[in-house]
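Have a look at the model first, then go through the points below.

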Amino acid sequence: MRILLVGAGGVGSAFAAIAARRDFFETIVVADYDLARAERAAATDERYAAARIDASSAEAVAALCREHRITHVMNAVDPVFNMSIFDGAYAAGADYLDMAMSLSRPHPETPYETTGVKLGDEQFAVAGDWEERGRLALVGIGVEPGLSDVFARYAADHLFSEIDELGTRDGANLVVTDEDGNEIFAPSFSMWTTIEECLNPPVIWEKERGWFTTAPFSEPEVFDFPEGIGPVECVNVEHEEVLLMPRWVDCKRATFKYGLGEEFITILKVLNTLGLDRTEKVRVKGVEVSPRDVVAAVLPDPAGVGPRMTGKTCAGLWVTGTGKDGQPRSTYLYHVVDNEWTMREYGHQCVVWQTAINPVVALELLATGVWKGTGVLGPEAFDAVPFLDLLTAYGSPWGIREMDPAASGA
């Protein structure tokens, strides 16, 4: 296996650090628009090489694939570049993986009722081409989407005879401080992507209705997260799981709710009100800039906040329905990561590390032939048990918490 890793930022760098401890691949070419950053990530292992790449150019992606005889392209950059990297991999005859699918566009007339272009629509539109060529595009294989989707497959196969709702729930108790120990606002993941998913109309799926949208931050609920994180208010957010899970897992409803917190929601609403979430460029003193790019640039780099971050992050799936025994069941499958541990063991903060470990696991399963497939597929299309077993073998176990079937998350 010869891997092209596009993106040497937080998640890409963490991916390189995790993969360096495994032996399932021949080489990894770490590519970034910033060659120095690619070289720093590539210095992790002697099997790595560095290259500069324009991720917005499918031709540049394809050329680099051909130059290095790449078999698998791992996309670790913001999803605004998804289609160029996706198309470049296809043109070069390589398989493809990403952690976030092609971007959505809200419905022009009824954005909070009707879906427009949905997440992943552009990729699924050419699934037949990938299948015909015998190539695989494994989309949404980060942590969310990714591990949560693996949990959905596991729940359907091993825990439930009938599923009422697949509810992804993401929460944390992370705190970032400045040099004086004062708590500061510093997102733990790409602010560009966070704005995209939090301010777009959230998508919900229901068996009788299909996909539909609602208003941002709708249906608030308090969910009690495990391993000391505790109760966090979660709200509806646009996310890939809702677009992926119903394609392969039989359920009555699919949702995604994110534990943002009141301060974060207020900041996002203000950015939206002021137009600072816009991606279209505006002219400022003779220079054209994207407001969202400016917001992302002035905030602390998520990859660099690890030393000043404390707490844990939790990604998981709350499944309700009927168990294999015919009785009502409510189960939360989860993965908790402590920032102190990831910083000590890998030198990367917990959110980017938790995102990066899952595509490494998936690539190892593909390299060994345990996972096989062609076309555009989500993680739900594969057997969950080998993935969860290998994740545990990597030293990052997952958990199950049984809940009261009559409760509502608290």
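1. A quick definition before the charges: a salt bridge here is a side-chain nitrogen of Lys or Arg within 4 Å of a carboxyl oxygen of Asp or Glu. Keep in mind that this is a predicted model. Searching the whole structure with that cut-off turns up 22 salt bridges.

2. Start with Arg 22 and Glu 364, whose side chains meet in a salt bridge at 3.0 Å, N to O. Arg 22 sits in the loop between α1 (10-19) and β2 (27-32), while Glu 364 belongs to helix α13 (residues 350-367), so this pair ties together parts that are 342 residues apart in sequence.

3. Next, look at Arg 253, which forms a salt bridge with Glu 165, the closest N and O atoms being 3.6 Å apart. This pair also links distant parts of the chain: Glu 165 is in strand β7 (residues 160-172) and Arg 253 is in strand β13 (residues 253-258), 88 residues apart. Both Glu 165 and Arg 253 are buried.

4. Arg 253 has another partner, Glu 219, with the closest N and O atoms 3.5 Å apart. Glu 219 lies in the loop between β10 (210-213) and β11 (221-225), and it is 34 residues from Arg 253 in strand β13. Is Glu 219 buried or partly exposed? At 35% relative accessibility, Glu 219 counts as partly exposed. Arg 253, at 19%, counts as buried, because buried means under 20% relative accessible area.

5. Those pairs belong to something wider. Salt bridges that share partners join Glu 165, Arg 169, Glu 206, Glu 219, Glu 221, Arg 253 and Lys 257 into one network.

6. Now for some helix packing. The axes of α3 (residues 58-67) and α4 (residues 82-92) come within 7 Å and cross at roughly 40°, which makes α3 oblique to α4. The crossing of α3 past α4 is right-handed.

7. Which residues make this contact? From α3 come Ala 58, Val 61, Ala 62, Cys 65 and Arg 66, and from α4 come Ser 84, Ile 85, Asp 87, Gly 88, Ala 89, Ala 91 and Ala 92. By type, the residues of the contact divide into eight nonpolar, two polar and two charged.

Note on methods. Residues numbered from 1 in each chain as written. Predicted model: local features only at pLDDT ≥ 70, side-chain atom pairs only at ≥ 80, totals over all residues. Heavy atoms only, no water. Axes fitted to C-alpha atoms, helices over the stretch in contact; angles between N-to-C directions. Helix = DSSP H or I, 4+ residues; strand = E, 2+ residues; numbered from the N terminus. Parallel < 35°, antiparallel > 145°, perpendicular 65-115°, else oblique. Left-handed = near helix turned anticlockwise from the far one by under 90°. Contact = heavy atoms within 4.5 Å. Nonpolar A, V, L, I, M, F, W, Y, C, P; charged D, E, K, R; others polar. Buried < 20%, exposed > 50% of the residue type's maximum accessible area, 1.4 Å probe, protein only.
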